[in-house]
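Colleague: Could we go through this model together? I would like to begin with charges and rings.

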Amino acid sequence: MLLYVVVEVFEYVAADGRSPYAKWFNGLNAHAAAKVTITVTRMAQGNFSNTKSVGAGVQECRIDFGPGYRIYFGRDATEL
């Protein structure tokens, strides 16, 4: 039996409407953006194999590609 966990992914948007994630993501080249998109999609499917806690409720997902990319996020049950 295979369990499938769906995790909702939300992008942080500051009160003034800015998104630090969007600013960072939009600056990536196409290959790096694809790697990040794949990683976020896998996390939405419940795959957190490259993540670890860095403290205060923040987790880090490492992407081993190029210079090495990091996605920092918070998790509340099935919401990122």
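Modeller: Let us start with a definition: a charge sits over a ring if NZ of Lys or CZ of Arg is within 6 Å of the ring centre and within 35 degrees of the ring normal. The model is predicted, so local features need pLDDT of at least 70 and side-chain atom pairs count only at pLDDT 80 or more, while totals for chains, interfaces and linings use all residues. Residues are numbered from 1 along each chain as its sequence is written, and side-chain values use heavy atoms, leaving out hydrogens and water.

Colleague: Over which ring does the charged end of Arg75 sit?

Modeller: The ring is that of Phe48, and the charged end of Arg75 is 4.1 Å from its centre.

Colleague: And how many salt bridges are there?

Modeller: There are two salt bridges, each being a side-chain nitrogen of Lys or Arg within 4 Å of a carboxyl oxygen of Asp or Glu. Arg70 forms one with Glu60, with 3.5 Å between the closest N and O atoms. This pair links distant parts of the chain, since Arg70 lies in strand β3 (residues 69-74) and Glu60 in strand β2 (residues 58-63), 10 residues apart. Strands (E, at least two residues) and helices (H or I, at least four) are DSSP runs, numbered from the N terminus.

Colleague: Is Glu60 buried or exposed?

Modeller: Glu60 counts as buried because its relative accessibility is 8%. Buried means under 20% relative accessible area, exposed over 50%, and partly exposed in between (1.4 Å probe, protein chains only). Arg70, at 35%, counts as partly exposed.

Colleague: What about the other salt bridge, the one of Asp16?

Modeller: Asp16 pairs with Arg18, and their closest N and O atoms are 2.7 Å apart. Both Asp16 and Arg18 are exposed.

Colleague: Changing topic, how many aromatic pairs are there?

Modeller: There are five aromatic pairs. Rings of Phe, Tyr and Trp (its six-membered ring) pair if their centres lie within 6.5 Å; planes under 30 degrees apart count as stacked, over 60 as edge-to-face and the rest as tilted.

Colleague: Why is the pair of Phe65 and Tyr69 stacked?

Modeller: Their planes are at 20°, so the pair is stacked, with the ring centres 6.2 Å apart. Tyr69 is buried, at 14% relative accessibility. Ring pairs link Phe65 and Tyr69 with Tyr21, Trp24 and Phe25 into a cluster.

Colleague: Lastly, which residue of β2 is the bridge partner of Gly55?

Modeller: The partner is Val58.

Methods
Two strands pair if DSSP finds at least two bridges between them.
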